[in-house]
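Student: I am new to this structure. Please show me how to read it, feature by feature.

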Amino acid sequence: MNIRCEASPDYPKIAEVITSAFGQPNEAQLVEVIRNSENYIPELSLVAEIDGNIVGHVLFSYIHVVSNEILSVLALAPVAVLPQFQNQGIGTALIQYGLEKADELGEALVIVLGHPSFYSRFGFVQSTYYGIKSPFELQAEVFMVKPLKNYEIKYTGDVIYPQVFNNV
Ligand SMILES: CC(C)(COP(=O)(O)OP(=O)(O)OC[C@H]1O[C@@H](n2cnc3c(N)ncnc32)[C@H](O)[C@@H]1OP(=O)(O)O)[C@@H](O)C(=O)NCCC(=O)NCCS
């Protein structure tokens with residue numbers, strides 16, 4: 001398996017992979033909208049390839065934490081692996097690679113909404129431990145954060161997602 005940054009010729013195949021993984025087009029559309037926004041980070045839209053075919057994708061993009069100031073942090077979403085390639089470590093490898101890259105880029109914090117049993121293995125913990133509040137009415141355990149090397153105590157407050165996230 002090879003992990004690399006996405007390139008524009010990959011976009012249709014990435015959309016197929018995401019749509020197939022989620023069984024609906026919403027998450028692939030989210031990726032397209034983010035690509036065309038200021039929240040897009042080209043180095044953090046990653047594909048996993050096997051024999052030259054894209055089988056997985058993960059996107060980290062900017063969202064905000066707001067307290068006294070508006071701070072940029074990363075949202076990990078979506079992550080998708082083709083159904084026939086799931087449970088072979090590809091999703092884990094994509095996320096791990098992305099987290100390391102985000103650290104290298106000097107980002108401070110990553111936020112994810114998902115299953116604690118899956119994301120805790122990467123070091124994600126419930127966001128409330130860091131004083132970070134979800135904008136969604138959800139069980140607290142599913143809204144998680146992972147501080148990176150550049151994390152500072154100032155990263156507390158309310159999380160604001162771009163409007164497009166409300167469509168998924
Ligand atoms: C979630 C997903 C990206 C994981 O990728 P993967 O390559 O199958 O995962 P890995 O092989 O690296 O890891 C497997 C682990 O993920 C868990 N897992 C699989 N799908 C999961 C899901 N939807 N939610 C939580 N955990 C999941 C498995 O139970 C397994 O756990 P274990 O290691 O304790 O047995 C992939 O299953 C997928 O594309 N699912 C559909 C889309 C989705 O739900 N994306 C996540 C929300 S953004």
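**Reading the model**

Tutor: Helix α1 (residues 11-22) and helix α2 (residues 26-35) pack at an angle of about 145°, their axes being 7 Å apart. Helices (H or I, at least four residues) and strands (E, at least two) are DSSP runs, numbered from the N terminus. This is a predicted model, in which local features need pLDDT of at least 70 and side-chain atom pairs count only at pLDDT 80 or more, while totals for chains, interfaces and linings use all residues. Residues are numbered from 1 along each chain as its sequence is written.

Student: What describes two packed helices?

Tutor: Two packed helices are described by the angle between their axes and the distance between the axes. Axes are lines fitted to C-alpha atoms, for helices over the stretch in contact, and angles run from 0 to 180 degrees between N-to-C directions.

Student: Which residues of α1 and α2 make the contact?

Tutor: Two residues are in contact if their C-beta atoms, placed from the backbone, lie within 7 Å. From α1 come Ile14, Ala15, Ile18, Thr19 and Phe22, and from α2 come Glu27, Ala28 and Val31. By class, the contact has six nonpolar, one polar and one charged residues. Ala, Val, Leu, Ile, Met, Phe, Trp, Tyr, Cys and Pro count as nonpolar, Asp, Glu, Lys and Arg as charged, and the others, Gly among them, as polar.

Student: Is isoleucine 18 buried or exposed?

Tutor: A residue is buried if 20 or more other C-beta atoms lie within 10 Å of its own, exposed if 12 or fewer, and partly exposed in between, with C-beta atoms placed from the backbone. Isoleucine 18 counts as buried because it has 27 C-beta neighbours inside 10 Å. Leaving aside neighbours within four places in sequence, isoleucine 18 is in contact with Glu27, Ala28, Val31, His57, Pro78 and Ala80.

Student: And where is alanine 7 found?

Tutor: Alanine 7 is in the loop between β1 (2-5) and α1. It is exposed, because 10 other C-beta atoms lie within 10 Å. Its C-alpha atom is separated by 9.2 Å from that of leucine 46, 39 residues away along the chain.

Student: Which residues have the most contacts inside the largest nonpolar core?

Tutor: A nonpolar core is a set of buried Ala, Val, Leu, Ile, Met, Phe, Trp, Tyr and Cys residues joined through C-beta atoms within 7 Å. The largest has 42 residues, and those with the most contacts inside it are Phe60, Leu74, Leu76, Val110, Ile111 and Val112. β4 gives this core its largest share, eight residues. Beyond four places in sequence, the contacts of leucine 74 include Phe60, Ala102, Val110 and Ile111.

Student: Which residues come nearest to the ligand?

Tutor: A residue is near a molecule or strand if its C-beta atom, placed from the backbone, lies within 6 Å of it. Of the 17 residues around the ligand, Gln86, Gly91, Thr92, His115 and Phe118 come nearest. β4 gives the most to this shell, with five residues. The shell divides into nine nonpolar, eight polar and no charged residues.

Student: How many helices and strands does the protein have?

Tutor: There are four helices and nine strands. Along the sequence they follow the pattern β-α-α-β-β-β-α-β-α-β-β-β-β. Buried residues make up 32% of the 168 residues.
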